[in-house]
Amino acid sequence: MSVYRRSLFLTICILFCFTANVCLAKKGEELYEELGISKTATQEEVKKAFRKMTRENHPDTKEEMEEKEKAKEIMSRVLRAYEVLGDEQKRSDYDKFGVIPGETLNPDDYTTEELFEYFHQQSPITSRVPTLDSFTLLRRMMRFRGRRIFVLHLYGDDSNACRQYAPVWDGLYYSALVQAGVMELYRIDGQSAEGQVLAEELGLQYKGEAQVVALIDGTTWNLHGISNQLKTGKSRFVFQHLQDFAIGFFYQYHQNISSLTVKNVDTLLELLRRPRDADQPHIILFPKVITETIPIAIQMHYPQSTVLAVPRQELRLFVEEFCGLELSATDRDGNAAALSEFVVLSTSALGGTDSFEEGKNIVRECGGIHIGVSSSLTFEKADSFLKEHIPPVVPGMKKLPMMDDLTYWPTCREKCMLWVRQDCSAEPTSDEAHIVSLFSVNKAFLGFKTGFVCASASLWEHLHVPSGQKSTFVALQDGDDEDIFVVHSLSAVTPGELTGKLVEQSLGLTENSARRISLHPLSLGEYIVGDAHFPIDHNQRYWDMFNAAMYWLLPSLTSFGPFLLMYFLQKRFFPLPDPGAAPQNDNNNNDANENNNQ
């Protein structure tokens, strides 16, 4: 019996020690798990993880109240973890004993700012704009050519100027050009190790001030004078400064869209009755009161169309009185909108020769005229309306995005799978239509976005497609479009037999399903975009050169300007006596004095 009791006691002791050690080990890893790092992480990795977690989980970045409360709870745990792991002595004690110092905090009793103050940390500058931390992605931006502008903001959480500039920067995020994808915004954290490398690549250096640059066709454009604008203390002027910089690159588009002078409805009729070129058969008309960036974004998305902004009154008379079409829309509550916004699409030349008389007009048949009406017109609404009536560039491919300089970047920013066709002149066969349907229904397989490519001869040759095969599949992952995968396992299957499950299995990108090839020194994007470029007006270049010169010269003029002015005034109005003539005057005076004495 005594042996049994000793054995039982020994077993209980062993279990107790084992449980205590497991719990202690578990507790000793809790704070590391909060930051998503391992116990072997360096102090720099701890700091990096903390900054990443605060940006991703800050309550100010959430929309719904429930999401905000959940984010605040996560944030309190992240702050507690960093308070310990960010201090080498506290981290050492925690690793030894697994004890979290201090009292348990209830986040409901604190605001977000109070939480940061409690843990003696500075609240990060939050933004809806993503933070760029990939060198590969930056290099792709610098090599990109075509209809897309990348605007980058170098900032630091320790800068009051950057904190003051943050809401101005976020205001640009809601521009129609950003929503349309023709302008893409990124932030670069100038205090992080990755951010410093990216800034150096751009020729920048973080000095505690907000900096903004634009990348267009591989050229870097700097926004000068941010600090001077911030000194005014007026957010409206600061935002106008940023907006003028960004929209200024679209000056040529703006000029073309506003080029038509409309005196009356007959001017519109004359325009709509003109014969159309086969390569530009559509005319899209916007009222001038609509935000000017929407027509610009539409023009960039529909280069085969003529986009014009015309006076609202004349356009309304044409739609309602000449064509007899109704311009009415309802708001979210189902009530009639006080002022409806609309866009007019003409897909073919208008017939007839009659003039328009207001109040006496007979309603005509307006063939080829389509009207899109909304209580508030956005780019998304206008684009959705136009897609319904404008046929795709490639027949039979309306549901699947065709890769070009505008669509390639958002599709293949990180990873994508593309159907590459050798010949796009003919509509897809019935089997190929199955691929279109499969890809359009499944916008992404395992995070791989989908689209199709009309391959150039050079790209088709570089992919080494077997003879007789008319299409293939390529995949891109990790944002690297120099080394891509040819997914041969999908090409081996009859198009009509492809399934989503088979596609996902092939995207494991193993040796059995895909072949990796290098396109270096070119990239997949360069093969697709070709010789596309962004059309910048020469006036914009001269204006930027002038601003750059003033940015450097103005401080000098401010410092030396008063002295130069004084010098000019003195030389012009108060000249000093000629030193060489002074002695002669003295001799003359002495001679005169001697004569007088005699």
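I'm working from a predicted model, where local features need pLDDT of at least 70, side-chain atom pairs count only at pLDDT 80 or more, and totals for chains, interfaces and linings use all residues. Numbering starts from 1 along each chain as its sequence is written, and side-chain values use heavy atoms, with hydrogens and water left out.

Sheet. I looked up the strand order and got S6-S5-S7-S8, an open sheet of 4 strands with mixed pairing. Strands are DSSP runs of E, at least two residues, and helices are runs of H or I, at least four, numbered from the N terminus; two strands pair if DSSP finds at least two bridges between them. S6 (305-310) and S8 (369-374) are the edge strands with a single partner each, so one side of each has no neighbour in the sheet. I then checked S5 (residues 282-287) against S7 (residues 341-346): antiparallel, over 3 bridges. Ile 284 has Leu 345 in S7 as its bridge partner.

Rings. My search of the whole structure gave 14 aromatic pairs (Phe, Tyr or six-membered Trp rings with centres within 6.5 Å; planes under 30 degrees apart are stacked, over 60 edge-to-face, the rest tilted). Tyr 32 and Tyr 94 sit 6.2 Å apart, centre to centre, with planes at 40°, so I logged the pair as tilted. Tyr 32 is in helix H2 (residues 30-35) and Tyr 94 in helix H5 (residues 88-97), so this pair ties together parts 62 residues apart in sequence. Both Tyr 32 and Tyr 94 are buried (under 20% relative accessible area, 1.4 Å probe, protein chains only; exposed is over 50%, partly exposed in between).
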